[in-house]
Amino acid sequence: MEVNQNNEKNQQQPFQKAYYQYMPTDNLSTFVTLHVVKGILTILFSLFFLFYIFIGSVLSFTPVDNHAHMPFNVASFVVIIGAVGFLITVTIGILTILAGKYIKERRNYNFIFAISILNCLIGVLGIILGIFTIIDLNKPHVKAQFEPGYDPQYPFGQ
């Protein structure tokens with residue numbers, strides 16, 4: 001009976017040893033891809049605003065006889081909204097792609113965090129991506145990767 005208990009202890013020891021050598025994981029490589037894809041989709045969405053600008057410019061060249069009672073020019077208003085929307089969506093798309101690049105390089109932690117918060121304000125995909133990026137960025141071993149002097153060969157130091 002006693003020999004049997006010693007065999008059980010010897011068989012359990014490798015599992016316990018492996019437990020203490022556990023390396024925490026992160027999803028940063030996945031977030032690189034997702035940020036680039038979301039940035040590209042946001043830039044593609046800006047094409048909607050280019051169409052809006054086109055419609056506004058077409059309206060400005062059409063003859064309308066009822067300009068006397070209009071307090072403003074509708075065509076100019078449509079073009080301005082389209083231009084502002086285009087600039088905002090392209091800027092957010094470029095910033096999101098840039099955040100993906102910085103995640104890959106493990107630098108500019110605060111910029112990535114700010115863009116993740118900004119993405120939480122933009123659509124369902126942005127909310128999901130932003131929340132999961134914020135959760136992952138708050139992990140201590142992920143924060144350590146953004147510190148200067150971090151060596152991936154020795155993640156816990158030497």
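**View 1. Arg-107 and its salt-bridge partner.** Arg-107 is partly exposed, at 35% relative accessible area (buried means under 20%, exposed over 50%, partly exposed in between; 1.4 Å probe, protein chains only). The Arg-107 side chain meets that of Glu-105 in a salt bridge, 2.5 Å from N to O. Here a salt bridge is a side-chain nitrogen of Lys or Arg within 4 Å of a carboxyl oxygen of Asp or Glu. This is a predicted model: local features need pLDDT of at least 70, side-chain atom pairs count only at pLDDT 80 or more, and totals for chains, interfaces and linings use all residues. Residues are numbered from 1 along each chain as its sequence is written; side-chain values use heavy atoms, with hydrogens and water left out.

**View 2. Glu-105 and Lys-101 in helix α3.** Their side chains form a salt bridge at 3.5 Å, N to O. The two residues sit four apart in α3, so about one helical turn separates them. Helices (H or I, at least four residues) are DSSP runs, numbered from the N terminus. Glu-105 is partly exposed at 38%. Lys-101 is also partly exposed, at 38%.

**View 3. Asp-136 and Lys-139.** A salt bridge joins the two side chains at 3.0 Å, N to O. Asp-136 is buried, at 2% relative accessibility. Lys-139 is partly exposed, at 28%. Elsewhere, salt bridges with shared partners link Lys-101, Glu-105 and Arg-107 into one network. The whole structure holds three salt bridges.

**View 4. The buried residues of helix α4.** In α4 (residues 109-119), Tyr-109, Ile-112, Ile-115, Ser-116 and Asn-119 are buried. They lie on the same side of α4, because they cover an arc of only 130° around the axis. That arc is taken from the directions from the helix axis to the C-beta atoms.
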